[in-house]
Amino acid sequence: MKKALGLLLVLMLVMSILVTGCSQPAKEEPKKEEPKQEEKAPEQKIKVGFVYVGPIGDGGWTYAHNEGRKYLEEKLGVETIIKESVPESQEAEKVLNDMIDQGANVIFTTSFGFMDYTEKVAKANPDVKFLHCSGYKQLDNMSNYFGRIYEARYLSGIVAGMKTQSDVLGYVAAFEIPEVVRGINAFTLGVRSVNPDAVVKVKWTHTWYDPAKEKEAAKALLDEGADVIAQHQDTPGPQQAAEEKGVWSIGYNTDMKEMAPKAYMTAPIWNWGPYYVQEVKAVMDGTWKSSSVWEGMKDGIVQLAPLTDVAPPEAKDAVEKVKADIISGKEKIFVGPIKDQTGAVKVQDGVVMTDQELLSFDWFVEGVEGKIK
Amino acid sequence: MDFMTSFLAAAVVAGTPLLFATLGEIITERAGNLNLGVEGMMLMGAVIGFKIGLITGNPILALLAAMFAGSMGALIFAVLTISLRANQVVSGLALTIFGTGFSAFIGKDLVGQVTPNAIKLFFKPLEIPGLANIPILGKALFSQDLFIYLGYLTAIILGIYLYKTRKGLNLIAVGENPGAADAASINITLYKYAHVLLGGALCGLGGVYLSLVYVPAWQENVTAGRGWIAVALVIFAAWNPFKALVGAYLFGGMDIIGFRLQGTSIQISQYFIDMLPYLVTIAVLVVVSMRKSKKNAPPKGLGVPYFREER
């Protein structure tokens, strides 16, 4: 009898978690301003689903996507539903079908690992529009989109290169994949465009999300003499390490000013809102077509967060100037001559690296201290 | 600070959350209850402690709140497994899932908040005069924050309690053979409840060290799997608080040695280093079972609910 009661209690505990864990409509729509949006509302009711790989509370990658979602709600007054912390497995497929059952007709899947599941569900549901972040597959009803965050990383490198006194910078890196390598290289090129003697030391953590471990990696870099810390993970752990040591840092994903007010200078950040509005609006107007988007600062998907007072005062003008060149297309960043770590010229003078080369980056530029693998 | 000292100091810091969680789990398992909810209790302590710290700015209150939250998690487990005699493994896993959800739910408004300065100052590294001058080890062990000293103290007190006091020996008896302990008129239910709750409180402390002192900002899932390493550490430490002290810092060191080695001439794959804690635990398990030493074996009554009628 008691055993049965115990089992029942355990079951109830599990059930209550499952129930609260299920996707719920986000209840953040601004109710007061709704009438204004009403007149724009289309015949077909649009419901937008967002599938997140992490919790919104990560303060980083997923947080940035969620800010984009909130912007979308505010601008277009559409209804959105979300599901956080979806594993990059079969589970994603279930979540997608669940969202379609709930009436979602536009769905954003915001992590690389959702790609194949998105594709599969997209094929089965031709009426629903899918937009997948950071992948490469495309169907008539499935777009892929991503941003050239390396442009902003190059700019943050300029700030860091001007600030450093030891000429040693630390980079807390996530995984040995082209996206991360590209970011480190862009950062290093930025640093060395203003400070040719500086070196960037790299530490791999093999995590996207472990605040304590990432802080520890930053501490190791600081002990090796780095006085500016940059990072690729989704937590502010490295920022905290710099703050405690009394040196400086470059964030990532979102403005991390509050996390380390004395260390934080700026951050390459994501600004998905305008893109989300543009795409959903196209769906509403019936003009939507699937596309493959890899845009940068020109379209505003990628930005550099405002420089704080900690950043060197002369950096502001320098950044503005280069930023204008990036937007106008004059500054391509990965343009020869680029040397690799051994000093051999990898990219000839005047040659611009192609997107294909950028997407399969597997070597470090001169000035990086660290190994891939 | 040279390479060795700064590495050892960092290892002690990284090992501290593991130490508290391991001590908590040792005490729980010594009472014969295998609580796999360490991760959940750590997260509950982490979020409640952080929230109270943020509201009051008082480090002592924050720690007490974390202990309370951890023991409330343990209470759920205790009611299920001690009074209702439910399956301990299932209950513990459910507690981990519950604790993770609970901390995310409570922590929703805490995202992006940083530990108040008053608490940061309280947990500033303090040198212990004299001891800190011991070469290499002195700086690593005795130039740390108060929380870490609390860790040394807790481990030593628990060790003395377990092996040198009557109550501690009673506890060992409860874990080894509750029937015999019952016959010796030891109150089994009371002992089990008290120590499962105490274990939860210690896990809560381990969690709040991460959120309040180590990171120090609120982030969902701040423990990132450390609770599971603690479960492995209990086996490594052979249910002995003194060995846990060594083991926790060893595992803490293994957690971070990769970063220190990257960039030196010694090249070991980071993936291999990530495996180390588990490899070492398996190795210890193999050695222990080969030697068949009673001293290092798990409590005999571990995982078995106690029915007086079945005695």
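Biologist: At what angle do helix H8 (residues 211-223) and helix H9 (residues 237-245) of chain A pack, and how far apart are their axes?

Modeller: Two numbers describe a packed helix pair: the angle between the axes and the distance between them. In this predicted model, H8(A) and H9(A) pack at about 45 degrees, with axes 7 Å apart. The two helices are therefore oblique to each other. The crossing of H8(A) past H9(A) is right-handed.

Biologist: Which residues of H8(A) and H9(A) meet?

Modeller: From H8(A) come Pro211(A), Ala212(A), Glu214(A), Lys215(A), Ala218(A), Lys219(A) and Leu222(A). H9(A) answers with Gly237(A), Pro238(A), Gln240(A), Ala241(A), Ala242(A) and Lys245(A). Sorted by class, this contact holds seven nonpolar, two polar and four charged residues.

Biologist: Now chain B. How is H8(B) oriented to H10(B)?

Modeller: The angle decides the label. Helix H8 (residues 166-176) of chain B packs on helix H10 (residues 188-214) of chain B at about 100 degrees, with the axes 10 Å apart. That makes the pair roughly perpendicular, because the label covers 65 to 115 degrees. H8(B) brings Asn170(B), Leu171(B) and Val174(B) to the contact. H10(B) brings Ile188(B), Tyr191(B), Lys192(B) and His195(B). By class, the count is four nonpolar, two polar and one charged.

Biologist: And at what angle do helix H1 (residues 3-30) and helix H11 (residues 226-236) of chain B pack?

Modeller: About 55 degrees, with axes 8 Å apart. H1(B) and H11(B) are therefore oblique. H1(B) passes H11(B) in a right-handed crossing. On the H1(B) side, the contact uses Pro17(B), Leu18(B), Ala21(B), Thr22(B), Glu25(B), Ile26(B) and Glu29(B). On the H11(B) side, it uses Arg226(B), Gly227(B), Ile229(B), Ala230(B), Val231(B), Leu233(B) and Val234(B). These residues divide into nine nonpolar, two polar and three charged.

Biologist: Let us step up a level. Which segments make up the domains of chain A?

Modeller: The domain assignment gives domain 1 as 42-147 + 271-299. Domain 2 is 149-267 + 305-369. Their centres, taken over C-alpha atoms, are separated by 29 Å. Twelve residues of domain 1 of chain A and 13 residues of domain 2 of chain A form the contact. On the domain 1 side, helix H3 (residues 61-76) of chain A gives the most, with three residues. That side has five nonpolar, five polar and two charged residues.

Biologist: How many residues does each chain put into the contact between chain A and chain B?

Modeller: An interface is often sized by the accessible area lost when the parts come together. Here I count residues instead. Chain A supplies 40 residues and chain B supplies 38. On the chain A side, the elements giving two or more residues are helix H1 (2-21), strand E7 (199-204), H8 and H9. H1(A) has the largest share, twelve residues. By class, the chain A side has 16 nonpolar, ten polar and 14 charged residues.

Biologist: What ipTM and pTM does the predictor give the complex?

Modeller: The ipTM is 0.77 and the pTM is 0.79. Then look chain by chain. Chain A averages a pLDDT of 87, and 88% of its residues score at least 70.

Biologist: Last topic: backbone geometry. Which residues does a cis peptide bond join?

Modeller: Most peptide bonds are trans, and most residues other than glycine have a negative phi. The cis bond here joins Gly336(A) and Pro337(A), with omega about 0 degrees. Pro337(A) sits in the loop between helix H11 (315-328) and strand E14 (338-339) of chain A.

Biologist: Which residue other than glycine has a phi near 45 degrees?

Modeller: Ser85(A), and that phi is positive. Look for Ser85(A) in the loop between strand E2 (79-83) and helix H4 (90-101) of chain A.

Terms used
Residues are numbered from 1 along each chain as its sequence is written. Chains are lettered from A and ligands numbered from 1 in the order in which they are written. This is a predicted model: local features need pLDDT of at least 70, side-chain atom pairs count only at pLDDT 80 or more; totals for chains, interfaces and linings use all residues. Axes are lines fitted to C-alpha atoms, for helices over the stretch in contact, and angles run from 0 to 180 degrees between N-to-C directions. Helices (H or I, at least four residues) and strands (E, at least two) are DSSP runs, numbered from the N terminus. Angles under 35 degrees count as roughly parallel, over 145 as roughly antiparallel, 65 to 115 as roughly perpendicular and the rest as oblique. A crossing is left-handed if the near helix is turned anticlockwise from the far one by less than a right angle, and right-handed if clockwise. Two residues are in contact if their C-beta atoms, placed from the backbone, lie within 7 Å. Ala, Val, Leu, Ile, Met, Phe, Trp, Tyr, Cys and Pro count as nonpolar, Asp, Glu, Lys and Arg as charged, and the others, Gly among them, as polar. Domain bounds come from an automatic or database domain assignment. pLDDT is the predictor's confidence in each residue, from 0 to 100.
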